[in-house]
Amino acid sequence: MSDRLPVYVLNGPNLNLLGVREPDIYGRETLADVQALCERAAGDATVVFRQTNHEGELIDWVHEAREKASALVINAAGYTHTSVALLDALKTLTIPVVECHLSNPAARERFRHRSYVSAVAAGVVSGFGPFSYELAVRAALRLAQERRAAADRSV
Ligand code: CA2
C-alpha cells in the first residue's frame with residue numbers, strides 16, 4: 001500500500017450537471033466520467049474527487065486538503081471568478097495547487113477573465129474538456145513528487 005497522501009480534485013457549483021445540460025459548451029461526458037479519467041491518470045496514487053454547489057463546503061474541503069492531500073486540483077467553476085473567501089482558503093495551503101477548467105475562460109465573456117484561483121495556482125489547465133483534468137492531475141502528481149524529492153534531499 002502507498003504511504004503517499006492522495007491528490008484532491010475539487011469541483012465547484014453546477015459541475016454535477018456535466019453531460020446533462022449545455023453539451024455544446026461542456027461536452028457529453030459526465031462528472032463520473034471525469035472522475036474515472038482522473039483516477040486512470042493518477043495510476044497508483046489515490047484521488048479524492050468531490051463536487052459541491054456550496055461555497056462554504058468547497059472551502060471546508062480546501063482546509064481538509066491542507067492536512068490530507070499531497071496536491072490539489074481545483075475547478076471552482078463560477079467561484080473561480082467571484083470568491084475572495086476561496087482565495088483566502090487557498091492561500092493557507094503549502095501543497096501545490098493546479099487550476100483546471102473544461103472550457104477556456106479567457107476566450108469567453110469578460111467576467112470569466114478574472115480568476116481568484118490563478119493567484120495561488122502553480123499552473124492552469126483550461127480549454128481541453130475532460131482532458132484538462134487528466135493533464136491537471138498529472139501536473140499535480142509531478143509537483144507533489146518534486147516536493148517530496150526536495151524534502152528528502154533536505155534531511
Ligand atoms: O470551464 C470550466 O470548467 C468552468 O470552470 C465551468 C464553470 C464556469 O463558470 C467557468 O467560467 C469555467 C461553469 C460550470 C457549470 O457547469 C455546467 C455543466 C453542465 C451544464 C451546466 C453547467
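Modeller: Two strands pair if DSSP finds at least two bridges between them. Helices (H or I, at least four residues) and strands (E, at least two) are DSSP runs, numbered from the N terminus. The model discussed here is predicted: local features need pLDDT of at least 70, side-chain atom pairs count only at pLDDT 80 or more, and totals for chains, interfaces and linings use all residues.

Colleague: In what order do the strands form the open sheet, and why do β2 and β5 stand at the edges?

Modeller: Five strands with parallel pairing make up the sheet, in the order β2-β1-β3-β4-β5. β2 (47-51) and β5 (123-126) each have a single partner strand, so one side of each has no neighbour in the sheet. On average, neighbouring strands are turned by 20 degrees against each other, direction ignored. Such angles run from 0 to 180 degrees between N-to-C directions, and the axes are lines fitted to C-alpha atoms, for helices over the stretch in contact.

Colleague: Which strands does helix α2 touch?

Modeller: Contact means heavy atoms within 4.5 Å. By that rule, α2 (residues 31-42) packs on the sheet and touches β1 and β2, its direction making about 160 degrees with that of β2. Helix α3 (residues 55-68) lies across β1, β2 and β3 and runs at about 175 degrees to β1.

Colleague: Why is Asn 75 called buried?

Modeller: Buried means under 20% relative accessible area, exposed over 50%, and partly exposed in between (1.4 Å probe, protein chains only). Asn 75, which is found in strand β3, has 4% relative accessibility and therefore counts as buried.

Colleague: What makes β3 largely enclosed by the rest of the structure?

Modeller: Five of the five residues of β3 are buried, so the strand is largely enclosed. Both of its faces are covered, with Ala 71, Val 73 and Asn 75 on one side and Leu 72 and Ile 74 on the other.

Colleague: How do you know that the buried residues of α4 are on the same side?

Modeller: In α4 (residues 84-91), the buried residues are Leu 86, Leu 87, Ala 89 and Leu 90. They cover an arc of only 160 degrees around the axis, so they share one side of the helix. The arc is that of the directions from the helix axis to the C-beta atoms. These buried residues pack against α3 and β3.

Colleague: What makes a set of residues a nonpolar core?

Modeller: A nonpolar core is a set of buried Ala, Val, Leu, Ile, Met, Phe, Trp, Tyr and Cys residues joined through side-chain atoms within 4.5 Å. The largest here has 22 residues, and those with the most contacts inside it include Val 9, Phe 49 and Tyr 133. The elements giving two or more residues to this core are β1, α2, β2, β3, β4 (97-101) and α5 (130-153). Among them, α5 gives the most, with five residues. Apart from this core lies another, of 20 residues, including Tyr 8 and Val 48.

Colleague: How do you know that Ser 83 makes a polar contact with Glu 55?

Modeller: A polar contact is a pair of N or O atoms within 3.5 Å; within protein, one must be able to donate a hydrogen and the other to accept it, and residues adjacent in sequence count only if both atoms are side-chain atoms. The side chains of Ser 83 and Glu 55 make such a contact at 2.5 Å, so the distance is within the cut-off. A polar atom of the Ser 83 side chain also lies 2.8 Å from the backbone nitrogen of Leu 86. Ser 83 is found in the loop between β3 and α4, and its relative accessible area of 2% makes it buried.

Colleague: Why is Asn 14 called exposed?

Modeller: Its relative accessibility is 53%, and Asn 14 therefore counts as exposed. Asn 14 is found in the loop between β1 and α1 (23-26).

Conventions
Residues are numbered from 1 along each chain as its sequence is written. Side-chain values use heavy atoms; hydrogens and water are left out.
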